[in-house]
Amino acid sequence: MLTLEKFEEASEKVKEVTLETKLVYSEFLSKQTGNKVYLKPENMQATGAYKVRGAYYKISTLTEEERAKGLITASAGNHAQGVANAAKKFGVKAVVVMPTTTPLMKVNRTKSYGAQVILYGDVYDESCEYAYQLAQEHGYTFIHPFDDLDVACGQGSIAMEIIKELPTVDYILVPIGGGGLATGVSTLAKLLNPNIKVIGVEPAKAACMSASIEEGKVVTLPSAATIADGTAVKTPGTNIFSYIQKNVDSIITVEDEELIVAFLDMVENHKMVVENSGLLTVAALKHLNVKGKKIVSILSGGNMDIITMSSTLQHGLIERGRIFTVSVLLPDKPGELAKISTLLAGEQGNVVKLEHNQFVSINRNAAVELRLTIEAFGNEHKMQIVKTLEDAGYRPKLVRTNI
């Protein structure tokens, strides 16, 4: 059973390995939503995510014999680092099975704590099945990333910190992958104050908990294809499911495109790198139909590799109309490019890239294609630039941007 006494014990225990992540008031998100929005920045933990809480508390509850066997787990990245770090603190062996699609940074960080990393499977569920097989073969002690009440208890220490710092919180938004974090946070929040609303947030393309709640039992999705790799789970936890049913008030699903824009907002307005799974609770804010409430969004992690970060920023700029590409046809004669440049300068459009294709037509005097990638202030400014080109007779066409 998850009791207040166990949560209090776990909250004290995890202080041995966690950093203090004070709430950050977001003026930007508060103005956007008409609420008082606070961020719980678990991306600032030494391991880059909250997962070290549950892993460390779970390992602390094991017997010396269980730890001596060696530990094994499966993870998309953050729990892997949590177990590896905790195992190092206890001086025991750790083996981690990760999906082959895991970002290199998460793999290398896990190895840096001394864990043995095995890449297996395309998604977490396949990695987990293989980890169970290895546990049986070698006698390792399995540390489940979410379907374990001790692990969930450790994650619940986040709720303890939130409520101590902001006793009058109305809503806590929590990401859901397999459900361990949501179990711990929602159960402790309801024990301390039943009036607090706990809202789970899932990626729309991996909404295994929503599907299970709807069916009234744990179900398995056919796939979990989302950019929120930390929450790409096909089957939620069975041991924790009843706690979710009882304590999570509702679940919001978020599209991948919303996470891309949320990443851009977080970088620009809070100077923080938060991975896509951690941004679920930020993207979900606009789906909450409330005003004047005190809301805490848990940012569960910030372990994003540079390539993914670069791609996400690019797509975020495109989504916001800050970068776009337009194609125009013009005669192949001197001065035409200067005319275009003058028009764009008049509208304060900044040319990022220019491509001049003389072979788009056999009759070069009639048509040469000019592709312009332009930086704008946003979608309204973008459409203003396009209209200016239309008014000048250039018949611009918006094309897929690739910067």
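Buried means under 20% relative accessible area, exposed over 50%, and partly exposed in between (1.4 Å probe, protein chains only). This is a predicted model: local features need pLDDT of at least 70, side-chain atom pairs count only at pLDDT 80 or more, and totals for chains, interfaces and linings use all residues. Residues are numbered from 1 along each chain as its sequence is written, and side-chain values use heavy atoms, with hydrogens and water left out.

**View 1. The protein chain as a whole.** The chain holds 17 helices and 14 strands. Both are DSSP runs numbered from the N terminus: helices are H or I over at least four residues, strands are E over at least two. Of the 403 residues, 56% count as buried. The C-alpha trace spans about 85 × 50 × 40 Å along its principal axes. Residues 24 or more positions apart account for 72% of them.

View 2. Helix α7 covers residues 124-138. The expected span is 1.5 Å times one less than the number of residues. The buried residues of α7 are Y124, D125, S127, C128, A131, L134 and A135. They pack against β3 (71-74), β4 (94-98), β5 (116-119) and β6 (141-142). G139 follows α7 and has a positive phi, near 80°.

**View 3. The four-stranded sheet β5-β4-β3-β6.** These four strands form an open sheet with parallel pairing. Strands pair if DSSP finds at least two bridges between them. At the edges stand β5 and β6, each pairing on one side only. Further in, β3 and β4 are joined by four bridges in the parallel sense. T73 stands opposite V96 in β4.

**View 4. The six-stranded sheet.** Here the strand order is β1-β2-β10-β7-β8-β9, in an open sheet with mixed pairing. Strands β1 (24-26) and β9 (250-254) are the edges; each has a single partner strand, so one side of each is left without a neighbour in the sheet. From one strand to the next the twist averages 30°. Strands β7 (residues 171-175) and β8 (residues 197-203) run parallel, joined by five bridges. L173 stands opposite I199 in β8.

View 5. Helix α11 (residues 208-215) lies across β8 and β9. It runs at about 140° to β9. Axes are lines fitted to C-alpha atoms, for helices over the stretch in contact, and angles run from 0 to 180 degrees between N-to-C directions.

View 6. D265 sits in helix α13 (residues 256-270). Is D265 buried or exposed? It counts as buried because its relative accessibility is 9%. Its side chain makes a polar contact with the side chain of R320, at 2.7 Å. A polar contact is a pair of N or O atoms within 3.5 Å; within protein, one must be able to donate a hydrogen and the other to accept it, and residues adjacent in sequence count only if both atoms are side-chain atoms. With neighbours within four places in sequence left aside, D265 is in contact with F28, Q32, H270 and R320.

View 7. The whole structure has zero disulfides, a disulfide being a pair of cysteine sulfur atoms within 2.5 Å. C128 has 7% relative accessibility, so it counts as buried. C208, at 0%, also counts as buried.

**View 8. Strand β11 and its antiparallel partners.** Strand β11 (residues 323-330) is mostly covered, with seven of its eight residues buried. It pairs with strand β13 (residues 368-375) in the antiparallel sense over eight bridges. L330 stands opposite V368 in β13. Strand β14 (residues 397-399) also pairs with β11 in the antiparallel sense, over three bridges. There, V326 stands opposite L398.

Methods:
Contact = heavy atoms within 4.5 Å.
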